[in-house]
Amino acid sequence: MKKSLWKLCQRASVRERILATAAISSSIARTLDCGAFAKSTPRAEGGLVNTHQIHFQPTIQFARHFFSTPWLKIGAQKRLSGNGDSDDGWEEEDDETTESQIGDGADGGGIVLNEDVPWGRRTLSIAQEVLSQSTDDADIVLFAFKTSPRGFIYLRLDKLTERYGCPTMEELEAFSRLYKTQLEKVGESGEIPKDLAVEVSSPGAERLLKVPEDLHRFKEMPVRVVYVDEDSLQKDGVFLLDSIDNESELSVWRLANVRENSQRKGKALSRKQKDWRLSLSFQAVKRVTLYLEF
């Protein structure tokens with residue numbers, strides 16, 4: 001995730017690079033990646049809390065595929081650690097050493113209920129209740145949910161009618177506000193802890209697509225496909241879905257008209273490239289992600 005963000009920083013203006021680099025150095029770097037984000041943390045009892053915000057004005061190149069709103073707002077709360085040092089109070093997810101998998105509660109979506117978190121199932125049901133009550137349309141769904149023994153709740157909301165699946169900043173903030181309020185009410189009864197921290201975001205640019213469930217939804221968009229060929233060699237390429245047959249579990253791909261596939265820089269695909277097709281069984285497709293070109 002951070003590698004993708006560094007690539008974006010290289011395309012940004014000097015002012016943008018300073019802001020983005022500052023974000024990369026903290027634990028909230030991963031939330032920049034789809035451009036819509038809301039975070040809330042509880043006020044630490046007896047602790048010093050300082051709330052800060054970053055307002056970010058991206059150029060067209062930097063915002064091209066990531067931002068559905070004209071600015072990015074990051075809200076976080078800093079606490080004083082035991083030795084007096086200030087930190088943002090947020091833990092790092094282990095996303096640098098572990099490859100994302102379908103159903104991992106992060107880029108792979110899905111629900112992950114940690115056995116060491118007895119309150120996880122209840123906070124999930126509260127999220128589902130709030131989501132059903134707070135959205136006017138049924139186009140926003142829960143993409144990913146997971147909890148941490150340290151009292152963190154991570155949610156990602158997917159907007160089915162948006163090209164990249166990103167809800168607006170206002171939609172994320174509205175859900176986050178209602179969810180936090182409901183958690184506090186239930187926490188008063190002792191059913192769940194009172195001091196839970198919540199992070200609400202949209203699916204990242206590195207979200208994994210399910211095969212075959214998500215292929216029709218993103219059919220018109222270039223995707224990077226990691227697959228195993230007839231010689232059992234792992235390969236990858238940037239393709240567009242040409243056709244899919246659920247009964248035979250077969251997908252057919254064609255080259256996407258992107259720079260990576262061009263024989264000459266700035267030129268369109270050749271006739272031979274346009275006519276080329278790759279047939280893959282569902283089992284041969286190991287990983288599919290959205291392709292972002294800068």
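**Ground rules.** I worked on a predicted model, where local features need pLDDT of at least 70 and side-chain atom pairs count only at pLDDT 80 or more, while totals for chains, interfaces and linings use all residues. Residues are numbered from 1 along each chain as its sequence is written, and side-chain values use heavy atoms, with hydrogens and water left out.

**Entry 1, ring pairs.** I paired rings of Phe, Tyr and Trp (its six-membered ring) whose centres lie within 6.5 Å, calling planes under 30 degrees apart stacked, over 60 edge-to-face and the rest tilted. That rule gave me five aromatic pairs. One of them is Phe152 with Tyr154, stacked at 6.3 Å centre to centre with 15 degrees between the planes. I found both Phe152 and Tyr154 buried (under 20% relative accessible area; exposed is over 50%, partly exposed in between, with a 1.4 Å probe and protein chains only).

I saw Tyr227, Phe239, Trp253 and Trp276 linked into a cluster by ring pairs.

I located Glu220 in the loop between strand 8 (197–201) and strand 9 (223–228). Glu220 counts as exposed because its relative accessibility is 62%. Beyond neighbours within four places in sequence, Glu220 is in contact with Arg163 and Leu240 (heavy atoms within 4.5 Å). Arg163 is 57 residues from Glu220 in sequence, yet 9.8 Å away in space, C-alpha to C-alpha.

Conventions
Helices (H or I, at least four residues) and strands (E, at least two) are DSSP runs, numbered from the N terminus.
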